[in-house]
Amino acid sequence: MATDIESRRDAILTAMVRVVGRKGYDATSVADVIEEAGTSRTTFYKHFDDKHDCFLASYERMVEQVFDTIVAECDGERPWVSRVRKGLETLIQIFALEPELARTAVVEVAAAGADARKLHWDAVNRFKGYLEAGRELEPGKELPEQISVMAVGAVSGLIFDELVAGRAEQLPELMPDLLFAMLVPYLGPGAAADEMRRAAQAA
Amino acid sequence: MVARSQRERALDAAVDVVAEKGYAATTVADLTKEAGISRTTFYEMFPDKEACFLAAYDAAADVLARRVAAAFETEAVWPARARAGLEALLGSLADEPAIARLALVDFGAAGPAAQRRYRAALLRMTPLFDEGRDFAPEGRRLPPNTSRMAIGAVVGLIADEIAAGRTEQLPGLLPEILFATLSPYLGPEAATRGVSEER
């Protein structure tokens, strides 16, 4: 049955993301992953060449799932500021509910080789693309080309710090600050601080 | 004196070999060969490859931080102080692409300890940004994390360039870097004006 094979592959991919987030990439073995997935070594090697191959597949699938969830939650949101807030909230909630996924997505990926870091980079770029709509907010203003790199850089730096410190569950408390970081290059400190205050009141 | 130069050679070797082979593929044998030191000497100085790499990372971060701080002090008032510091940072990274790549892109390969070193090194740049608070019209409403955000924005831009293989062109990125530094404090319009005045 094709669906059965597919679901076993999925279970391995999900297990890989969890185990790497828990133990770190280097310390993770194929034995850990098949134990977590409740599958056999034979099944693992039917689908993947090795740990690295499996990790890359698991990372790609995780990015798709996270991105699909964000787009589904906030595509209808208008204006742009609401869309950014909703998107950021969705991401932060996913990370807070699944700290292991968050660590794999943001921290451990760096240990999995240059091709894994490339996948991380591509994922960050997709978020940047999604943000680009913000430019239409201020058509007359001359903002630098890389403004979305700055916004995403500021936000991911803050998230990275929290995850390395083991505070994934507390990320939602940082939501007002993250929103400020995301909006400030576009709107300036005054308007970004207003949005930050509103987010703090809503929390 | 001799012990120190052996240590320095080991640290330089860690930067060069890791830049060439990647962290995972680097062995202690590679490091001793590149540094021209014996295995015994290596293990007298470091318990393992990771310790040597982390020491090399700290040493590189120290050199960068000292250059940035020295440049920062050549000016009296922010944002000129920030511009001088950032110019020194971009120039230093462009001069040493292997260190730049290791410091800001490939550091994660060495695991969680290296990641903590990376964040600690970045946060040493905080003073460059924090003085902006005194010049911000909305200074008291800015979140306490503003300098961390600005650092994230600046490092995001720099890492993008390094990952794209444009390390040597980093000094040309100064206007964007300056915008990222000024805009959280002054707003986009004033930041754009500040960037053109600094040119």
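Here are some questions and answers about this predicted model.

Q: How many helices and how many strands are there in chain A?
A: Start by reading along the sequence: chain A follows the pattern α-α-α-α-α-α-α-α-α-α. Counting up the elements of chain A gives 10 helices and 0 strands.

Q: What percentage of the residues of chain A count as buried?
A: A residue is buried if 20 or more other C-beta atoms lie within 10 Å of its own. The C-alpha atoms of chain A fill a box of roughly 60 × 30 × 30 Å along the principal axes. Of the 203 residues of chain A, the buried part is 45%.

Q: Do α4(A) and α7(A) pack roughly parallel or roughly antiparallel?
A: Helix α4 covers residues 51-74 of chain A and helix α7 covers residues 114-131 of chain A; they pack at an angle of about 10°, with their axes 10 Å apart. Angles under 35 degrees count as roughly parallel. That is why α4(A) and α7(A) are described as roughly parallel.

Q: How do the residues of the contact of α4(A) with α7(A) divide by class?
A: Helix α4(A) brings F55(A), L56(A), Y59(A), E60(A), V63(A) and F67(A) to the contact. From α7(A) come D115(A), A116(A), L119(A), A123(A) and R126(A). By class, they divide into 8 nonpolar, no polar and 3 charged.

Q: Does D115(A) count as buried or exposed?
A: D115(A) is found in helix α7 of chain A. Because D115(A) has 11 C-beta neighbours inside 10 Å, D115(A) counts as exposed.

Q: Which residues does L178(A) touch, not counting residues up to four places away in sequence?
A: L178(A) belongs to the largest nonpolar core, which has 129 residues. Among those with the most contacts inside this core are L178(A) and A14(B). Leaving out residues up to four places away in sequence, L178(A) touches L88(A), I92(A), V155(A) and L158(A).

Q: Which element gives the largest share of the side of chain B that touches chain A?
A: The contact takes 33 residues from chain B and 32 residues from chain A. On the side of chain B, the elements that give two or more residues are α7 (112-123), α9 (146-163), α10 (174-186) and α11 (188-198). That side has 17 nonpolar, 9 polar and 7 charged residues. The largest share, 11 residues, comes from α9(B).

Definitions and conventions: Residues are numbered from 1 along each chain as its sequence is written. Chains are lettered from A and ligands numbered from 1 in the order in which they are written. This is a predicted model: local features need pLDDT of at least 70, side-chain atom pairs count only at pLDDT 80 or more; totals for chains, interfaces and linings use all residues. Axes are lines fitted to C-alpha atoms, for helices over the stretch in contact, and angles run from 0 to 180 degrees between N-to-C directions. Helices (H or I, at least four residues) and strands (E, at least two) are DSSP runs, numbered from the N terminus. Angles under 35 degrees count as roughly parallel, over 145 as roughly antiparallel, 65 to 115 as roughly perpendicular and the rest as oblique. Two residues are in contact if their C-beta atoms, placed from the backbone, lie within 7 Å. Ala, Val, Leu, Ile, Met, Phe, Trp, Tyr, Cys and Pro count as nonpolar, Asp, Glu, Lys and Arg as charged, and the others, Gly among them, as polar. A residue is buried if 20 or more other C-beta atoms lie within 10 Å of its own, exposed if 12 or fewer, and partly exposed in between; C-beta atoms are placed from the backbone. A nonpolar core is a set of buried Ala, Val, Leu, Ile, Met, Phe, Trp, Tyr and Cys residues joined through C-beta atoms within 7 Å.
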